Amino acid sequence: SSTVSVLVNQPPVVTIFPNGPTEFCDGGSVNLTASGADTYLWSTGETGPLITVSTSGLFSVTGTNANGCSTETSDIEVTVYPNPEPTITPDGPIAFCDGDTVVLTSSAADSYLWSTGATTQSIIVTTTGTFTVSVEDEFGCEGTSDPISVEVFINPTPTISLSGPAEFCLGDSVVLTASGAVAYLWSTGDTTAAIVVATSGDYSVMVTDENGCTGESADVTITVYDEPVVSISASDTVVCDGQI
């Protein structure tokens, strides 16, 4: 009988090595490198010993050696976490008068860094400006909010002009006038831009501008003098004709 020699070729031992973490934030990537064979076909359809992965998924490779024997690796899982997209919520109007405030609050995250340097979830804003917040989530992924603009209006500082002297005699008067506002409230209770004053006292006006902001003037002091009382006295009430 004749002898038949049978040569059994061994399949390749194929392995995959990542060049870094297989869990990372959106925008990152990892290189997967296969070894142990002569040619490679990845589950993505790519060929060659190396692929770059930037999306989540399961990845494997089939390696073939020079003898035509093939081995497919087990899957390697890559997880890509989405970056957070923080939002800012104000607790009230973002345009207001000097002296008021607004609280800006970031959506929840593991850590916060505001454009002001603050590291709390909420900040109190008292001045005009544009504000953003950068956050980091539980996976270490980062994101920055859209900017939010806050406008703080300056309160009006009204002055009172006089139509004449602030000191005069009883029976005269002076007109006090404020300007540059949309509403007026005098210390007298009047609500016109000008008032006529004929009595002594301290007068001021509270004004409201087009932004709804208010301001109060300094006092104007008006002094009204009483008319003098003139009297005539005589030493003798009886005089002779020709005598004074």
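Analyst: Let's start with what counts as pairing: two strands pair if DSSP finds at least two bridges between them. The strands themselves are DSSP runs (E, at least two residues), numbered from the N terminus. Keep in mind that this is a predicted model, where local features need pLDDT of at least 70, side-chain atom pairs count only at pLDDT 80 or more, and totals for chains, interfaces and linings use all residues. Residues are numbered from 1 along each chain as its sequence is written, and side-chain values use heavy atoms, with hydrogens and water left out.

Now find β21, at residues 174-177. Strand β19 (residues 161-162) pairs with β21 in the antiparallel sense, over two bridges. Ser-161 has Thr-177 of β21 as its bridge partner. β21 also pairs with strand β23 (residues 194-197), again antiparallel, this time over four bridges. There, Val-175 stands opposite Val-196 in β23. β21 has two faces, too: Val-174 and Leu-176 are on the covered one, while Val-175 and Thr-177 are on the uncovered one.

Next, look for an open sheet of three strands, in the order β22-β25-β26 and with antiparallel pairing. β22 (183-186) and β26 (214-216) are at the edges with a single partner strand each, so one side of each has no neighbour in the sheet. From one strand to the next, the twist averages 20 degrees; axes here are lines fitted to C-alpha atoms, and angles run from 0 to 180 degrees between N-to-C directions. Strand β25 (residues 205-208) is joined to β26 by three bridges, and Thr-208 has Thr-214 in β26 as its bridge partner.

And the aromatic rings? Rings of Phe, Tyr and Trp (its six-membered ring) pair if their centres lie within 6.5 Å; planes under 30 degrees apart count as stacked, over 60 as edge-to-face and the rest as tilted. That rule gives one aromatic pair. Tyr-81 and Phe-139 have ring centres 3.8 Å apart and planes at 5 degrees, so the pair is stacked. The pair links distant parts of the chain, 58 residues apart: Tyr-81 is in strand β9 (residues 76-81), and Phe-139 is in the loop between β16 (133-136) and β17 (142-144).

For accessibility, buried means under 20% relative accessible area, exposed over 50%, and partly exposed in between (1.4 Å probe, protein chains only). Tyr-81 is buried because its relative accessible area is 16%, whereas Phe-139, at 41%, is partly exposed.
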